Amino acid sequence: MLTDMQQQAIVRCLTFLDEGAHSVYCEPAPNLVAVLIERPLPGHPTARHLVPYPAPVPPKVWDDPDGPVAALRKVSNALHDPVIQAIFATVTGDVRALAWVFLHTDTIIDDELGPQQVRYIDAVDIDDRTYVLTRLPEEPAGVVTVYASGASDASGAVEILRSLARILRTQ
């Protein structure tokens with residue numbers, strides 16, 4: 001079970017990912033799927049830090065004609081490969097995988113403004129909590145909402161991340 005501090009660290013990590021994507025790419029940022037890994041902080045006996053570890057996804061995979069969630073589904077299928085799962089099982093020592101993250105953009109239609117690119121960062125942790133960061137165009141920051149276990153979304157991305165998080169829970 002994740003502690004409150006670990007949950008807060010996940011929220012901060014999503015915020016940092018959004019800020020980094022915004023400063024480097026503005027709108028839209030490239031898609032990203034990553035696992036959040038908690039590691040010891042070098043030189044400190046008890047401190048830990050959370051870092052995203054990107055899945056090795058070739059950029060062409062994200063060019064799926066059915067959109068980023070369809071591409072995420074293909075990536076998820078590849079990550080469920082027994083060899084990849086064995087790699088996750090060998091994570092030992094003080095390293096712990098806490099959540100899967102998916103950064104993507106989607107177009108929404110605003111009645112007044114027309115089509116708008118919105119950045120989303122969806123995450124599901126090993127306790128099945130869902131985190132959704134939404135950054136609307138020209139807003140100074142994204143907003144993170146945390147949902148209890150079982151939350152879902154219209155796009156299907158959260159359910160895909162939930163299936164990946166199940167891999168992490170088996171360790």
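**Close-up views of a predicted model**

**View 1. Helix H2 in the predicted model, its length and its buried residues.** At 1.5 Å a residue, the 12 residues of H2 should span 16 Å, and the end C-alpha atoms of the helix are 16 Å apart, which agrees. Seven names make up the buried set of this helix, namely Val69, Ala70, Ala71, Leu72, Val75, Ser76 and Leu79. An α-helix has 3.6 residues a turn, so residues three or four places apart point the same way.

**View 2. The aromatic pair of tryptophan 62 and phenylalanine 102.** With ring centres required to lie within 6.5 Å, the count comes to 1 aromatic pair. The ring centres of tryptophan 62 and phenylalanine 102 are 5.7 Å apart and the ring planes meet at 25°, so the pair is stacked, given that planes under 30 degrees apart count as such. Because tryptophan 62 belongs to the loop between strand S2 (48-54) and helix H2 (68-79), while phenylalanine 102 belongs to strand S3 (residues 96-110), the pair ties together parts that are 40 residues apart in sequence. Both tryptophan 62 and phenylalanine 102 are buried. Leaving aside residues up to four places away in sequence, tryptophan 62 touches Asn31, Leu32, Val33, Val57, Pro68, Ala71, Leu72, Val75 and Phe102.

**View 3. The largest nonpolar core.** This core has 42 residues, and those with the most contacts inside it are Ile10, Leu14, Val33, Trp62, Trp100 and Phe102. At least two of its residues are supplied by each of helix H1 (4-25), S1, H2, S3, S4, strand S5 (130-135) and helix H4 (157-169). The largest share, 8 residues, comes from H4. In soluble globular proteins, nonpolar side chains tend to be buried together.

**View 4. Strand pairing around S3 and S4.** Strand S1 (residues 32-40) pairs with S3 in the antiparallel sense over 7 bridges, and within this pairing valine 35 stands opposite tryptophan 100 in S3. S3 and strand S4 (residues 114-125) run antiparallel and are joined by 12 bridges, among them the one between aspartate 110 and its partner glycine 114 in S4. On to S5, S4 pairs in the antiparallel sense over 6 bridges, and tyrosine 120 stands opposite threonine 134 in S5.

**View 5. Aspartate 128 and glutamate 138, two non-glycine residues with a positive phi.** Most residues other than glycine have a negative phi. Aspartate 128, found in the loop between S4 and S5, has a positive phi of about 75°; at 15% relative accessibility this residue counts as buried, the limit being under 20%. Glutamate 138 lies in the loop between S5 and S6 and has a positive phi of about 65°, but this residue is exposed, with a relative accessible area of 81%.

Definitions and conventions. Residues numbered from 1 in each chain as written. Predicted model: local features only at pLDDT ≥ 70, side-chain atom pairs only at ≥ 80, totals over all residues. Heavy atoms only, no water. Phe/Tyr/Trp six-rings, centres within 6.5 Å; stacked < 30°, edge-to-face > 60°. Helix = DSSP H or I, 4+ residues; strand = E, 2+ residues; numbered from the N terminus. Buried < 20%, exposed > 50% of the residue type's maximum accessible area, 1.4 Å probe, protein only. Pairing = 2+ DSSP bridges. Core = buried A, V, L, I, M, F, W, Y, C linked by side-chain atoms within 4.5 Å. Contact = heavy atoms within 4.5 Å. Expected span 1.5 Å × (residues − 1).
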